[in-house]
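Q: I would like to learn how to read strands and helices in a model. Can we go through one together?
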Amino acid sequence: MNFEIINPSNTTELLSAVTKLSKKNYRFAAGCTDLLLDLKRKPVKDLTVINLQTVKDNRLTGIKKMAKVIRIGAGTTAHALVTDEDIRTWFPTLHEAALNLASTQIRQVATVGGNLCTASPSGDIACALMALNATCEILNTRGKRRSVSIREFFTGVRTTVLKNNELLYSITIPLNEASPKTAAGKKLYSGFIKIGTRKSMECSVVSLAYHIQSDNKGRVTKAGIAIGAAAPTIKFTETATDFLQGVKPGELSAIDRKKFADLILEYASPISDVRATAWYRKEVLFNISKGLLEAMPA
């Protein structure tokens with residue numbers, strides 16, 4: 001495995017490097033948790049690696065709570081998500097997804113951008129960001145930015161909308177309808193369910209991220225539900241989300257809960273591989289979807 005490395009110190013140098021390499025073989029490197037494995041499996045001739053870790057840019061690496069959104073730099077590590085108080089209180093699904101990612105050591109270096117740009121159907125952080133209706137901010141070599149909904153970011157297995165002269169710069173998540181500190185009577189039901197063949201250091205067999213907001217009467221006012229490892233890309237289950245709008249989940253009947261799980265299953269088209277069969281993935285997904293409503297407080 002041989003390659004050249006470029007270590008830009010700021011965004012200007014970074015964009016300049018991408019411009020020079022846009023017609024050659026190059027890859028970005030941040031945590032390198034997937035990159036080195038990829039290159040070991042499929043060596044690339046005359047490859048240059050652009051090291052994002054040396055770039056000093058708070059927008060690329062920081063977490064910042066703003067008036068209507070929280071912005072997360074693409075270079076932010078999973079560990080930073082786990083330890084950030086705003087992420088933990090506003091978006092428990094993202095906190096739990098990051099906490100369930102691999103091991104403590106890997107979370108220290110694995111980045112949000114890496115989890116998204118790898119475009120794995122089983123990406124934990126990507127699944128939570130899908131449930132949160134995040135927006136991806138993309139930067140091109142001319143310094144221009146464009147925003148893409150995360151629902152449109154993934155185009156297939158390990159492919160995204162990113163062009164050869166672009167990089168993922170940051171991700172924004174809309175804030176909840178009410179602050180955790182002032183949401184008197186309002187409820188937030190948010191979490192991440194990961195099913196694997198063992199409890200740690202494992203890719204998901206199936207995952208489900210949910211972020212459900214209710215008013216002070218228990219009626220759902222806003223919801224986001226996403227599934228991972230169940231289709232070629234992570235899916236936002238829009239019809240299942242719409243089904244919850246305005247209802248009190250605690251009052252739903254067994255028939256309603258089954259209908260909800262069936263709606264989620266409509267987005268699943270899993271494959272059989274070494275971790276599980278397609279049949280098993282669908283069965284698990286149906287059961288955790290139905291169980292999600294059963295576990296919701298009235």
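Q: Which residue in E3 is the bridge partner of Arg27?
A: Start with the general idea. Strands of a sheet pair through backbone hydrogen bonds, either parallel or antiparallel. Now the case here, in a predicted model. Arg27 has Val49 in E3 as its bridge partner.

Q: How many bridges join E2 and E3, and in which sense do the strands pair?
A: E2 and E3, residues 48-51, are joined by four bridges. The sense is parallel.

Q: What is the strand order in the open sheet?
A: The open sheet has three strands, ordered E1-E3-E2, and the pairing is parallel. E1 (4-6) and E2 (26-29) are the edge strands, each pairing on one side only. From one strand to the next, the twist averages 30°.

Q: Which helix lies across E1, E2 and E3?
A: That is H1, residues 11-21. H1 runs at about 165° to E3.

Q: At what angle do helices H6 and H9 pack?
A: For a helix pair, take the angle and the axis distance together. H6 (residues 92-99) and H9 (residues 124-131) pack at about 175°, and their axes are 8 Å apart. H6 is therefore roughly antiparallel to H9, as angles over 145 degrees count as roughly antiparallel.

Q: Which residues of H6 and H9 meet?
A: On the H6 side, they are Thr93, Leu94, Ala97 and Ala98. Their counterparts in H9 are Asp124, Ile125, Ala128 and Leu129. Sorted by class, this contact has six nonpolar residues, one polar and one charged.

Definitions and conventions: Residues are numbered from 1 along each chain as its sequence is written. This is a predicted model: local features need pLDDT of at least 70, side-chain atom pairs count only at pLDDT 80 or more; totals for chains, interfaces and linings use all residues. Side-chain values use heavy atoms; hydrogens and water are left out. Axes are lines fitted to C-alpha atoms, for helices over the stretch in contact, and angles run from 0 to 180 degrees between N-to-C directions. Helices (H or I, at least four residues) and strands (E, at least two) are DSSP runs, numbered from the N terminus. Angles under 35 degrees count as roughly parallel, over 145 as roughly antiparallel, 65 to 115 as roughly perpendicular and the rest as oblique. Contact means heavy atoms within 4.5 Å. Ala, Val, Leu, Ile, Met, Phe, Trp, Tyr, Cys and Pro count as nonpolar, Asp, Glu, Lys and Arg as charged, and the others, Gly among them, as polar. Two strands pair if DSSP finds at least two bridges between them.
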